[in-house]
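Please look over the chain shown here. The report below walks through its fold, some of its strands and its aromatic contacts.

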Amino acid sequence: MNTEDEYDVIVVGAGHSGCEAAYAASCMGLETCLITIHLETIAQMSCNPAIGGLAKGHLVREIDALGGIMGLLADETGIQFRLLNRSRGGAVQAPRAQSDKALYRQTMKTWLERIPHLTLFQGIVTEILVKGNKVTGVMTLDWNRVFGKTVILSPGTFLNGLIHIGLHSYSAGRANELASRELSDNLKKLGLKTFRLKTGTPMRLHKQTIDWKHFTPQPGDKKPIPFSFRTQKELENKIICYIGYTNSKTHEIIRKNLDKSPLYSGKITGIGIRYCPSIEDKVVKFPHHSRHQFFLEPEGMDTEEIYVNGLSSSLPFEIQKKILKSIPGLDQAKILRPAYGIEYDAVVPTQLYPTLETRKIKNLFLAGQINGTSGYEEAAAQGLMAGINAALKIKKQKPFILCRDEAYIGVLIDDLISKGVEEPYRLFTSRAEYRILLRIDNADKRLIKYGYRYGLIEEKEYEVFLKKQEKINKTMAFLQKEKIKTKSNETISLKDFLKKPEVKLENVLEYKKFKFNLTDEEIRHIESEVKYEGYLKKQEKEIARIRKIDKEKIPKEVDYGKIPGFTQEVREKLEKFRPQTIGEAKKIPGITPAAIVNLHVYLNIQKREKCST
């Protein structure tokens with residue numbers, strides 16, 4: 001590497017976040033350098049070799065609509081595909097794919113190597129270089145200085161990572177891979193507040209040592225649904241996953257050995273994931289459950305490794321073997337990789353702007369688990385947004401910020417920077433107030449215009465989208481125009497007929513012929529738009545009302561000390577940031593919804609009093 005070169009964007013860490021960030025910045029024409037500890041572990045799936053799931057699948061669709069690569073890669077390397085909640089409404093349906101772990105990593109590396117303006121570099125970053133309060137680049141372990149106008153930091157669990165197996169622990173960011181202690185110390189010296197989090201991963205078993213007849217097969221969908229709107233090929237299920245259960249004997253072994261768990265001995269101080277607990281956590285917190293479900297998931301086509309989803313643990317290796325002995329079908333199973341827990345440092349995310357740039361240091365962006373999130377999809381979404389915003393800042397263009405009513409990505413980032421986190425953050429559909437608007441079937445309709453604007457969606461891809469929308473619009477017009485008579489002799493439109501809960505579009509089109517052939521994706525979109533129409537109109541009115549309030553100006557001379565109901569903290573923050581609008585006030589970390597209501601009411605009272613004098 002020529003250290004005299006200055007890059008536009010330096011991305012530190014090549015996990016799912018770093019890869020999306022580097023891809024976005026380089027595709028926007030900026031000279032980008034992606035630095036990683038090992039080039040061979042780019043996009044490594046540290047935990048489950050799967051993409052998507054509830055809310056996470058929504059994120060992947062949104063990443064794809066913006067021009068990111070996770071959806072395309074999931075389709076390219078998937079070995080089993082399922083649409084979750086298929087029998088429920090479109091708002092809560094989500095795709096999930098089991099990926100070939102090695103192929104995913106290899107394919108990502110190959111794709112990134114071929115992108116213009118992107119340099120891959122193997123190195124261990126130990127320091128963020130700052131002059132004044134502005135980033136200037138990074139330094140690696142071998143004292144190599146790499147200069148850049150912006151830096152995106154996405155180190156995953158490597159910041160001061162500490163792995164626990166029983167009461168034994170060692171420094172690592174992932175099993176047997178060096179942790180980054182110097183960089184963690186450096187961030188603290190720069191004035192960024194950090195805290196400890198904890199996650200973990202289950203054991204991997206040898207396929208040939210499992211007695212499969214004891215487990216229930218879980219095949220993929222007969223007709224797999226792609227993650228990416230841009231995927232043209234038909235997807236194929238290549239493997240079957242299996243469902244199993246623990247039992248009372250398993251739970252007794254765990255209870256007897258809790259003193260050997262770093263989680264319950266006090267050795268682990270980091271806060272763990274509430275919604276993806278270890279097996280010892282499940283046994284302790286849900287003692288009334290006689291069994292707990294787990295899944296046996298192949299890690300790829302060319303490996304014998306089986307991922308035991310649901311048996312994460314930080315218990316000693318010998319106890320992990322006893323747990324397997326207690327489960328019929330796994331009693332002879334051989335462990336290829338033991339389960340372990342890992343603690344790591346994260347940065348308090350309320351120190352970030354909505355662009356993911358740090359408030360304290362200009363041009364330094366943070367993305368992924370460093371911001372307190374869990375999961376590949378949450379990391380990738382942040383990486384994409386950080387990459388776009390770093391590029392826009394260099395180009396001196398308006399930042400790209402998604403609202404909560406526009407995307408789950410907007411919900412994710414807004415939650416992080418306004419509420420902060422106390423435990424690893426996982427996205428759920430329930431976190432979104434407008435989830436009926438934020439469906440997987442309309443992600444392209446909501447977001448592709450931005451991907452096209454920033455050069456991440458190609459012209460031909462955008463034209464395909466426009467043709468799809470034209471076909472959907474003509475279908476909607478057809479359904480509104482054409483009438484039928486019901487059994488009760490009532491004349492209604494096909495659209496009103498489709499609104500009935502039990503009616504599908506295929507039933508409707510039996511009455512009237514329609515000249516266009518619709519894809520399954522288009523059919524799901526049309527059905528959702530029609531069946532949710534009343535709810536959608538209500539939500540759109542609510543959004544318009546809130547946006548009107550957000551645009552309300554706050555007078556420069558306002559005295560926050562006179563506004564009733566404010567805590568001292570709220571007053572101090574409003575005085576410090578002096579927001580120009582209600583919307584800006586909402587984005588200030590620590591400003592509660594109640595404080596916003598008080599502010600809004602006070603400003604309106606002031607307006608009325610001015611008008612009456």
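## Terms and model

A residue counts as buried under 20% relative accessible area, as exposed over 50%, and as partly exposed in between. Y452 has a relative accessible area of 30%, so Y452 is partly exposed. Keep in mind that this is a predicted model.

## Overall shape

The chain has 20 helices and 22 strands. Along the principal axes, the C-alpha atoms fill a box of roughly 70 × 65 × 50 Å.

Of the 613 residues in the chain, 57% are buried. Contacts also reach across the sequence. Take those between residues at least 6 apart: 73% of them join residues at least 24 apart.

How many bridges pair strand 3 with strand 5? Three bridges join strand 3 to strand 5 (residues 94-99), in the antiparallel sense. Across from G52 stands R96 in strand 5.

## Strands 7, 8 and 9

Strand 8 covers residues 134-140. Five of its seven residues are buried, so strand 8 is largely enclosed by the rest of the structure. Strand 8 pairs with strand 7 and also with strand 9.

Strand 7 (residues 125-131) runs antiparallel to strand 8, and six bridges join them. I128 has V138 in strand 8 as its bridge partner. The hairpin of strand 7 and strand 8 has two residues between the strands, and G132 there takes a positive phi near 70°.

Strand 9 (residues 145-153) pairs with strand 8 over three bridges, again in the antiparallel sense. Here M139 has R145 in strand 9 as its bridge partner. The hairpin of strand 8 and strand 9 has four residues between the strands. W143 sits in that turn, with a positive phi of about 65°.

## Aromatic pairs

A pair of aromatic rings is described by the distance of the centres and the angle of the planes. The structure holds eight aromatic pairs. In one of them, F215 and F294 are edge-to-face, at 6.1 Å centre to centre with 65° between the planes. This pair links distant parts of the chain, 79 residues apart. F215 lies in the loop between strand 13 (204-206) and strand 14 (216-218), while F294 lies in strand 16 (residues 293-298). Are F215 and F294 buried or exposed? Both F215 and F294 are buried.

Y452 and Y462 pair in another way. Their ring centres are 4.1 Å apart and their planes are at 5°, so the pair is stacked. Y452 lies in helix 12 (residues 443-453) and Y462 in helix 13 (residues 459-481), so the pair ties together parts that are 10 residues apart in sequence. Y452 is partly exposed at 30%. Y462 has a relative accessible area of 17%, so Y462 is buried. Elsewhere, F400, Y450 and Y454 form one aromatic cluster.

## Arginines over rings

R61 lies over the face of F229, 4.8 Å from the ring centre. R431 lies over the face of Y425, 4.3 Å from the ring centre.

## Two helix residues

S26 has its place in helix 1 (residues 16-27). Its relative accessibility is 1%, so S26 counts as buried. Leaving aside neighbours within four places in sequence, S26 is in contact with T32, I115, P116, H117 and L118.

V601 is found in helix 20 (residues 593-612). The relative accessible area of V601 is 40%, so V601 is partly exposed. V601 and I563 are 38 residues apart in sequence. In space, V601 and I563 are 9.5 Å apart, C-alpha to C-alpha.

How values were computed:
Residues numbered from 1 in each chain as written. Predicted model: local features only at pLDDT ≥ 70, side-chain atom pairs only at ≥ 80, totals over all residues. Heavy atoms only, no water. Pairing = 2+ DSSP bridges. Phe/Tyr/Trp six-rings, centres within 6.5 Å; stacked < 30°, edge-to-face > 60°. Buried < 20%, exposed > 50% of the residue type's maximum accessible area, 1.4 Å probe, protein only. Lys NZ or Arg CZ within 6 Å of the ring centre and 35° of its normal. Contact = heavy atoms within 4.5 Å.
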